There are 2 protein chains.
Amino acid sequence: MEDKLKQLQTILAEVSDLYAAAGLLGWDQQTYMPPGGAEGRGYQLGTVEALAHQKFTSQEVGKLLDELQPYADQLDPDANEARLIKVTRRSYDKQAKVPAELITEMAQVTAVAHQAWTEARAENNFPKFQPHLQKVVELRCRYAELFAPYDHIYDPLLDDFEPGLKTADVKMIFENLRPQQVAIVRAIAAKPQVEAGFLYQPFDEQKQWDFGVKVISSFGYDWKHGRQDRSAHPFTQSIGGQDVRITTRFNPNYLGTGLFGTMHEAGHALYELDIDPALRRSPLGSGASLAVHESQSRMWENLVGRSLPFWEHFYPQLQQAFPAQLGNVPLSKFYQGINQVHPSFIRVEADEATYNLHIMLRLEIELALIERTLQVKDLPEAWNTRMKEYLGVVPENDAQGVLQDVHWSGGMIGYFSTYALGNLVSAQLWERINLDLPDLPEQIRKGEFSTLLSWLHEKIHCHGAKFEPQELIQRITGSKIDPAAYVRYLRGKYGEIYGI
Amino acid sequence: MEDKLKQLQTILAEVSDLYAAAGLLGWDQQTYMPPGGAEGRGYQLGTVEALAHQKFTSQEVGKLLDELQPYADQLDPDANEARLIKVTRRSYDKQAKVPAELITEMAQVTAVAHQAWTEARAENNFPKFQPHLQKVVELRCRYAELFAPYDHIYDPLLDDFEPGLKTADVKMIFENLRPQQVAIVRAIAAKPQVEAGFLYQPFDEQKQWDFGVKVISSFGYDWKHGRQDRSAHPFTQSIGGQDVRITTRFNPNYLGTGLFGTMHEAGHALYELDIDPALRRSPLGSGASLAVHESQSRMWENLVGRSLPFWEHFYPQLQQAFPAQLGNVPLSKFYQGINQVHPSFIRVEADEATYNLHIMLRLEIELALIERTLQVKDLPEAWNTRMKEYLGVVPENDAQGVLQDVHWSGGMIGYFSTYALGNLVSAQLWERINLDLPDLPEQIRKGEFSTLLSWLHEKIHCHGAKFEPQELIQRITGSKIDPAAYVRYLRGKYGEIYGI
């Protein structure tokens, strides 16, 4: 039986290698590839990903999984081998249902749709994107229908990013959260506003870069296994688990973009680099889900990086780097400024109090599209109506509204809610961490993060994808994903800043 | 039949995509990969290359080739389709003989051998490398023996890099060349030497970089399809034909390394970028052979880049970039300096007059190893004896002698002679070009290279790998590879510089 396990592991290792190669192809595409390489890169990515899918869904894998099941049933269910077989079985059953033609068609449609979206956004021309988005929605519906029966047609889409989570779960979480979050935003709006203008000044890019490097080095980001580059859209890319790179975007006239973006991506990278080496080159060798991943990036960005103890340590260094801009801004004002709440059109620029509302809007629209109760042509109206309702603002045009995000053009319907779930999970974990490590604020005040990282390693990182997100979070915090901690966090933080 | 051709082309395109992905993995390994990524990179390259080999040597390809043969026989033998089937057949027949285990074993042995070589060279400790090189030689012998019967056991090794060329051909060429080249070197040694000390001064690296960029941009290197980066060992990497990158190494205290290295690599890149787009994603979509490739890099580096007309145009600009270093060095002295002949231990630093002698020595040693008439333990002595005989110098230690090159540790036995052959071919082509383009020196004097590049495109570049090197060179120059043109070139150039 150990022979068969070895055979399975060998195939899974090769599949992982192919995805690692695809990861590098993607990273390079967004960092260093000369523009003329785009056509060829499309072919290379298509071929490598198709081969990985083909190898993973081969009959050989199916047969090995069948043969290994009795062996797995005898193991400790938490053992790496048992979990490997369980997770692989689940993923195999799902992926084997997807015909290669559908994958190819999706690749072709999204290649064109992405180009159309780029132009449509630049021209503020939703009708230009509309027919392409219709095709994407159609293909995602066809994909979802492969997995019937289901409780909800959106379930298989969500499940790709959050294994085991159901649409009904997310709806319930968001319905619980939304009124509380709207109330907080409204309460803040009724109070005197805080000043953040000093963040919008010229800031030398190299100095922004250097400060970010200093911060994430202190977090524990290991440059022997990582690097930082510039890209138009910041992202983290793992290339086989021992090489996890981040990219950052800097705004020369606003400090927030680079500063918090760097911490955010480092949070993702710290997770990937910290997974048990024994899980590498297998389906267990990456994060548990996108929400768990986002809980890590948001934790370092917000719960650490927008906290007062953090800046008690780092603010003098930041002032030293930018004496002309920040020399006369006291810490208390700086702390308020980086936590300013200001409802806006653009999700990626949203503050902690309004961010989730952007996500809820998107989830509702995605559900309606996939349920076929909303037509693509009616999207702009549906968008703007909800913006008004949740955030009290209406975008001036579709470029700032329904066209702002890249995701749908790439077929990523089912993805958005993981961002909000990540915020909720980060707060749940943070409460637990602060119970386990009562002197954490004091450590952060000294610029010490090793105890925090050790806690994350032991509780989350080391497990890779062994546990589904709900199971993992329940094991750690005692409950599944729940908005209560996040609401408590917002009330505490903004209660203090805005006096609500 | 067109269906079958299409099927074959689809598989070959996917194989090309995999090699392109491997190309990027290799490029990244030498440019940006964090050191901790090395272990994973080995796995990724191994998997991608093994899959490419497996796909290319599949029974399906063999069957399609059989079925397509009658169709190919009816085509114009120079047609792309006919050549595709011919070249693929040849490569298939060869690669299909190689068992996957041998490829894996070679990958494992060379991974360890490369590490041992790195340490052995650093420690000047040949015995440390010796057992690893023995294994490499053993594996290369086993590989060669797969192709018995042959005229010479070295033939299959050489043929990997120079399709169709035989050991006997290269021996004859080198035996013809060696006495003439030795005579030239000795004649030069008997004359008053030229001064080159001004090349060995501090030269700002960014200015070196900028000047190199200016030069190769004027050659026609297209930055939309390429880029330049730094690496320890300069190389050119094509990633699918529309993205061909070069790397350069700079010596802050010697101008020659970066300057001529940049032109050399650009020569390789101009070739790859200039191949008929119809040949992309197929076995025809790269250069004809390593010798033909080297003829291009050496042409731009030496026949163009070390010529007087070239510097009549560029020297004032170089002086402007480095006024303190070169302001008082007249053009005639500069031209002499960059063409200084000086027998030395190190191949990659050798001048045009001595370079080939380094290669001949290596070929003789490789032949003796593969013929099993020389034992690995006796290599240092064999090396030093020939150095004394051909170049009149003996390395002070093995690090500067037999341990200087990386190639053998990577299993590349059969490769070296392509460097010297490339020199010979560059001179053969140059004579033909100057007959076809009588005003070429005048154009070069004006910094105009487009006519030269068009000639190279039409005669060489566009054909990709359609023709074997000897056939290609014969078609263009009327004769196969022949040292006469190179000897004439050396006599003419050094006759003038040294008065021989």
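About 2,800 Å² of area is buried between chain A and chain B, and carbon and sulfur atoms contribute 62% of it; buried area here is the accessible area (1.4 Å probe) that two parts lose on being put together, summed over both. The size of an interface is often given in this way, as the accessible area lost when the parts come together. The model is a predicted one, in which local features need pLDDT of at least 70 and side-chain atom pairs count only at pLDDT 80 or more, while totals for chains, interfaces and linings use all residues. Residues are numbered from 1 along each chain as its sequence is written, chains are lettered from A and ligands numbered from 1 in the order in which they are written, and side-chain values use heavy atoms, with hydrogens and water left out.

Across this interface, 36 residues of chain A are in contact with 35 residues of chain B, contact meaning heavy atoms within 4.5 Å. The rule finds 4 salt bridges between chain A and chain B, a salt bridge being a side-chain nitrogen of Lys or Arg within 4 Å of a carboxyl oxygen of Asp or Glu. A salt bridge is formed by D28(B) with R245(A), whose closest N and O atoms are 2.7 Å apart.

Chain B contains an open sheet of 3 strands in the order β1-β3-β2, with mixed pairing. Strands (E, at least two residues) and helices (H or I, at least four residues) are DSSP runs numbered from the N terminus, and two strands pair if DSSP finds at least two bridges between them. Because β1 (228–230) and β2 (236–238) of chain B stand at the edges with a single partner strand each, one side of each is left without a neighbour in the sheet. Neighbouring strands of the sheet are turned against each other by 25° on average, direction ignored; axes are lines fitted to C-alpha atoms, for helices over the stretch in contact, and angles run from 0 to 180 degrees between N-to-C directions.

The strand β1(B) runs parallel to β3(B), to which 3 bridges join it, and R230(B) has T248(B) as its bridge partner in β3(B). By contrast, β2(B) pairs with β3(B) (residues 244–248) in the antiparallel sense, likewise over 3 bridges, and T236(B) stands opposite I246(B) of β3(B). The hairpin of β2(B) and β3(B) has 5 residues between the strands, and G240(B) in this hairpin takes a positive phi near 85°.

The strand β3(B) is mostly covered, with 5 of its 5 residues buried, where buried means under 20% relative accessible area, exposed over 50% and partly exposed in between (1.4 Å probe, protein chains only). From β3(B), V244(B), I246(B) and T248(B) point one way and R245(B) and T247(B) the other way, and all are buried. Helix α9 (residues 205–219) of chain B lies across β1 and β3 of that chain, running at about 150° to β1(B).

In chain A, helix α17 (residues 417–436) has 20 residues, which at 1.5 Å a residue should span 28 Å, in agreement with the 29 Å between its end C-alpha atoms; the expected span is 1.5 Å times one less than the number of residues. This helix, α17(A), is mostly covered, 15 of its 20 residues being buried. Q325(A), found in helix α13 (residues 323–326) of chain A, counts as buried at 17% relative accessibility. Apart from its neighbours within four places in sequence, Q325(A) is in contact with Q201(A), P202(A) and F203(A).

Several backbone features in loops remain to be described. Most residues other than glycine have a negative phi, and most peptide bonds are trans. The peptide bond from A148(A) to P149(A) is cis, with omega near 0°, and P149(A) lies in the loop between α6 (126–145) and α7 (155–161) of chain A. A cis peptide bond, with omega about 0°, also joins A148(B) and P149(B), P149(B) lying in the loop between α6 (126–145) and α7 (155–161) of chain B. N124(A), in the loop between α5 (100–123) and α6 of chain A, has a positive phi near 50° although not a glycine, and counts as partly exposed at 36% relative accessibility. R281(B), which is not a glycine either, has a positive phi of about 55°; R281(B) is found in the loop between α10 (255–273) and α11 (290–304) of chain B and counts as partly exposed at 28% relative accessibility.
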